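Me: Please pick one part of this model and walk me through it closely. I would like the whole chain as background, then the details.

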Amino acid sequence: MNTIMRKSVLGIAGLAVAGGLAAGPLNHTDTTPVEATPITAVAVQAEKPGVDRAKLVPHGVQGVQSRIDLTDEQVGNVKAIIAATKKAGMDERAAVVSIATALQESKLENLGHLGDRNDHDSQGLFQQRPSSGWGTVEQITDPQYSTTAFLKGLKQVDRWQDMPLTEAAQTVQVSAYPDHYAQWEQQAADLVAEHWNS
């Protein structure tokens, strides 16, 4: 009887082990969390056709760059500078030099006479002086005229295209702070890229 009982107990134990294996790891669902990598959309800013960024900043920017937020009026002055540049038959690089110069001189605001805060009789986008022969007050406070006057001066600078921006601007403007133009080159290039074909 002991033998029959032993075989029965071993048989039941074997079934339990076999059943445990079948119900165990082979059929076990893994609930361990899997790290999911989120899919992110990459924003690609489309370049406007016809604008070659390499031509906008051919020598690279110099020094720390400054940037300001622009009002609608300032953007309107950017567009006026670009329009005058095209009318003068000059390229995008000339527009970059012009806009960077106006950013330094007036923050792209068409300034009238500022009284005691004024540098002599400097006015307009480029702070041009009637007493230095840039034109009348009415002329130099007209964005188209003042840009054309600046570009006329730039055209007279031999090989201005091969100069760093600040050197080209300074040759025309003869500023007391010649190195300050360089800080606006990147914003000027961005503005030309955005508005040249608009």
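Reply: Let's start with the whole chain: of the contacts (heavy atoms within 4.5 Å) between residues at least 6 apart in sequence, 63% join residues at least 24 apart. This is a predicted model, in which local features need pLDDT of at least 70 and side-chain atom pairs pLDDT 80 or more, while totals for chains, interfaces and linings use all residues. Residues are numbered from 1 along each chain as its sequence is written, and side-chain values use heavy atoms, with hydrogens and water left out.

The protein chain has 8 helices and 0 strands (DSSP runs numbered from the N terminus: H or I of at least four residues for helices, E of at least two for strands). Along the sequence this reads α-α-α-α-α-α-α-α. Of its 198 residues, 35% are buried, where buried means under 20% relative accessible area, exposed over 50% and partly exposed in between, with a 1.4 Å probe and protein chains only. The chain exposes about 12,300 Å², and carbon and sulfur atoms supply 55% of that area (Shrake-Rupley method, 1.4 Å probe).

Now to H4, residues 92–106. Helix H8 (residues 185–195) packs against H4 with the axes 8 Å apart and at an angle of about 130 degrees; axes are lines fitted to C-alpha atoms over the stretch in contact, and angles between N-to-C directions run from 0 to 180 degrees. H4 and H8 are therefore oblique to each other (under 35 degrees is roughly parallel, over 145 roughly antiparallel, 65 to 115 roughly perpendicular, the rest oblique). Their crossing is right-handed, that is, the near helix is turned clockwise from the far one by less than a right angle. On the H4 side, the contact uses Glu-92, Arg-93, Ala-95, Val-96, Ile-99, Ala-100 and Leu-103. H8 brings Glu-185, Gln-187, Ala-188, Ala-189, Leu-191 and Val-192. By class, there are 9 nonpolar, 1 polar and 3 charged residues in this contact (nonpolar: Ala, Val, Leu, Ile, Met, Phe, Trp, Tyr, Cys and Pro; charged: Asp, Glu, Lys and Arg; polar: the others, Gly among them).

H4 also packs with helix H6 (residues 143–155), at an angle of about 120 degrees and with the axes 11 Å apart. That angle makes H4 oblique to H6, and H4 passes H6 in a right-handed crossing. Here H4 contributes Ala-94, Val-97, Ser-98 and Thr-101, and H6 contributes Phe-150, Leu-151 and Leu-154. The H4–H6 contact counts 5 nonpolar, 2 polar and no charged residues.

Beyond H4, follow the chain into the loop between H4 and helix H5 (137–140), where Lys-107 is found. Its phi is near 55 degrees, a positive value in a residue other than glycine. Most residues other than glycine have a negative phi. Lys-107 is partly exposed, with a relative accessible area of 32%. Gln-127 has its place in the loop between H4 and H5 as well, and has a positive phi of about 50 degrees although not a glycine. Gln-127 is buried, at a relative accessible area of 15%.

Asn-77 is buried, with a relative accessible area of 7%. Leaving out residues up to four places away in sequence, Asn-77 touches Leu-108, Glu-109, Asn-110, Leu-125 and Pro-143.
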